[in-house]
Amino acid sequence: MHDELVDHLMRSTPLQRGEALRVIQDVLAYFDETTEDYVRRRHRELQAQGLVNAEIFERIGADLKYRAVAPPELTLRQLRRIVYG
């Protein structure tokens, strides 16, 4: 699975084959998270850092553009609906 990427990581970093494979699997799992799960998780994390919703939703909206497969731009209302139902 992903042999070419594993080989590339082994050539470009000091990682061994097993370590490179674990890194790839971890990154893929991170980006496999649904938009809704990502929004909920990030909301909890940012809230725990003491940010208020206005800041949180602005940051989440900006961060979504950088996901591996960026979802359509979500409005503030849509973000709130994901978090609070």
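Analyst: Arg42 lies in helix α3. The model is a predicted one, and in it Arg42 has a relative accessible area of 15%; this residue counts as buried because the cut-off is under 20%. Beyond its neighbours within four places in sequence, Arg42 is in contact with Arg59, Ile60 and Asp63.

Those contacts belong to the packing of α3 against α4. On the α3 side the residues are Tyr38, Val39, Arg42, His43, Leu46 and Gln47, and they meet Asn53, Ile56, Phe57, Arg59, Ile60 and Asp63 of α4. By class, six residues of this contact are nonpolar, three are polar and three are charged. The two helix axes come within 10 Å and cross at roughly 135°. α3 and α4 are therefore oblique to each other, and their crossing is right-handed.

A further helix, α5, packs against α4. Here the axes are 10 Å apart and the angle is about 105°, so α4 is roughly perpendicular to α5. From α4 the contact takes in Asn53, Phe57, Ile60 and Gly61, and from α5 Leu76, Leu79, Arg80, Val83 and Tyr84. The classes in this contact are six nonpolar, two polar and one charged.

α5 also packs against α3, at an angle of about 85° with the axes 9 Å apart; α3 is therefore roughly perpendicular to α5. Glu36, Val39, Arg40, His43 and Gln47 of α3 make this contact with Leu79, Ile82, Val83 and Tyr84 of α5. Five of the residues involved are nonpolar, two polar and two charged.

Phe57 shows how the helices come together at one side chain. Not counting residues up to four places away in sequence, Phe57 touches His43, Leu76, Leu79, Arg80, Val83 and Tyr84. Of these, His43 is on the α3 side of the contact with α4, while Leu76, Leu79, Arg80, Val83 and Tyr84 are on the α5 side of the contact with α4.

Phe57 is also part of the largest nonpolar core, a set of ten residues that also holds Tyr38, Val39, Leu46, Leu51, Ile56, Ile60, Leu64, Leu79 and Ile82. Helices α3 (35-48), α4 (53-63) and α5 (76-84) each supply at least two residues of this core. In soluble globular proteins, nonpolar side chains tend to be buried together. Ile60, one of the core residues, is also a contact of the buried Arg42.

Key:
Residues are numbered from 1 along each chain as its sequence is written. This is a predicted model: local features need pLDDT of at least 70, side-chain atom pairs count only at pLDDT 80 or more; totals for chains, interfaces and linings use all residues. Side-chain values use heavy atoms; hydrogens and water are left out. A nonpolar core is a set of buried Ala, Val, Leu, Ile, Met, Phe, Trp, Tyr and Cys residues joined through side-chain atoms within 4.5 Å. Buried means under 20% relative accessible area, exposed over 50%, partly exposed in between (1.4 Å probe, protein chains only). Helices (H or I, at least four residues) and strands (E, at least two) are DSSP runs, numbered from the N terminus. Contact means heavy atoms within 4.5 Å. Axes are lines fitted to C-alpha atoms, for helices over the stretch in contact, and angles run from 0 to 180 degrees between N-to-C directions. Angles under 35 degrees count as roughly parallel, over 145 as roughly antiparallel, 65 to 115 as roughly perpendicular and the rest as oblique. A crossing is left-handed if the near helix is turned anticlockwise from the far one by less than a right angle, and right-handed if clockwise. Ala, Val, Leu, Ile, Met, Phe, Trp, Tyr, Cys and Pro count as nonpolar, Asp, Glu, Lys and Arg as charged, and the others, Gly among them, as polar.
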